[in-house]
Amino acid sequence: MKLIFLLIPLFFSTQCQVASSPVTENEVIFGTIAGKSLKLEVANNPIKRAVGLMNRTSMGQDEGMLFVFPKPDFLSFWMKNTLIPLTVGFLSEDLVLIETHDMKPNQIREVYNSMKLAKYALEVNRDWFSKNKVPLESVLILEKKISAIE
């Protein structure tokens, strides 16, 4: 019985360390596009990019997630375990919005691909770009430079 009580604190301290590690905790930055401000979680390493917005039940009106990749590429996104409807905007290396795709929640049949090389992807609530009249070729301005971690 004493062994169980000794292991419980060890388990909880280990879980707290994992939950607050830089790999799993998302950095938050602010950005502006077409005059609209956004609070953005940064997904700039393979683990954060893989998890994305999975298992969330809501997201604030002017919030999103900025996915940062090491180099421009043809990007592909899907909505496995993503419960909220989203729109993804693909951005060039210069943070220019080059295309958007509305994505259906919690499914894996559809994959949303960039048609041009993109280095960033910005996920926001569905229709955020259209509701805020953010046209293609708008530039995302970030409060600081963000780099990908491979």
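**Figure 1. Helix α2 gives the largest share of the lining of the largest pocket, three residues.** The model shown here and in the other views is predicted. About 200 Å³ of space lies in this pocket. The lining has 15 residues, and those closest to the pocket centre are R49, A50, F67, F77 and W78. By class, the lining residues divide into nine nonpolar, three polar and three charged. Rolling a probe the size of a water molecule over the atoms shows where empty space is left.

**Figure 2. F77 and F90 pair edge-to-face.** A search of the whole structure finds four aromatic pairs. In the F77–F90 pair, the ring centres are 5.8 Å apart and the angle between the planes is 65°. F77 lies in strand β4 and F90 in strand β5 (residues 86–91), so the contact ties together parts that are 13 residues apart in sequence. Both partners fall below the 20% cut-off for burial. F77 has a relative accessible area of 8%. For F90 the value is 0%. F77 is also among the residues closest to the centre of the largest pocket.

**Figure 3. One aromatic cluster is made of F67, F69, F77 and F90.** Which strands hold F77 and F90? F77 is in β4, and F90 is in β5.

**Figure 4. W128 and F129 form an edge-to-face pair.** The ring centres lie 5.6 Å apart. The planes meet at 85°, which is over the 60 degrees required, so the pair counts as edge-to-face. Are W128 and F129 buried or exposed? Both are buried.

**Figure 5. A salt bridge joins K144 and E27.** Three salt bridges are found in a search of the whole structure. In this one, the side chains meet at 2.6 Å, N to O. The pair links distant parts of the chain, 117 residues apart. K144 sits in the segment after β9 (140–142). E27 is in strand β1 (residues 27–33). Both residues are partly exposed. The relative accessibility of K144 is 42%. E27 has a relative accessible area of 28%.

**Figure 6. E41 forms a salt bridge with R56.** The closest N and O atoms are 2.7 Å apart. E41 lies in strand β2 (residues 36–43) and R56 in the loop between α2 and β3, so the bridge ties together parts that are 15 residues apart in sequence. R56 is partly exposed, with a relative accessible area of 25%.

**Figure 7. The side chains of K104 and E110 meet in a salt bridge.** The N to O distance is 2.8 Å. How exposed are the two partners? K104 is partly exposed, at a relative accessible area of 45%. E110 also counts as partly exposed, with 29% relative accessibility.

**Figure 8. L95 has a positive phi.** Most residues other than glycine have a negative phi, and most peptide bonds are trans. For L95, phi is near 65°. This residue is found in the loop between β5 and β6 (97–103). L95 is buried, with a relative accessible area of 14%.

**Figure 9. E137 has a positive phi although it is not a glycine.** Its phi is about 75°. E137 is found in the loop between α3 (128–131) and β9. Is this residue buried or exposed? At 66% relative accessibility, E137 counts as exposed.

**Figure 10. S92 lies in the loop between β5 and β6.** L95 is found in the loop between β5 and β6 too. S92 is buried, with a relative accessible area of 15%. Which residues does S92 contact, leaving aside its neighbours within four places in sequence? The partners are I98, L117, A118, K119 and Y120.

Key:
Residues numbered from 1 in each chain as written. Predicted model: local features only at pLDDT ≥ 70, side-chain atom pairs only at ≥ 80, totals over all residues. Heavy atoms only, no water. 1 Å grid on protein atoms, 1.4 Å probe; cavity = no way out; pocket = protein on both sides within 12 Å on 5 of 7 lines; lining within 4 Å. Points joined across faces, edges and corners; volume = space filled by probe spheres on them. Helix = DSSP H or I, 4+ residues; strand = E, 2+ residues; numbered from the N terminus. Nonpolar A, V, L, I, M, F, W, Y, C, P; charged D, E, K, R; others polar. Phe/Tyr/Trp six-rings, centres within 6.5 Å; stacked < 30°, edge-to-face > 60°. Buried < 20%, exposed > 50% of the residue type's maximum accessible area, 1.4 Å probe, protein only. Salt bridge = Lys/Arg side-chain N within 4 Å of Asp/Glu carboxyl O. Contact = heavy atoms within 4.5 Å.
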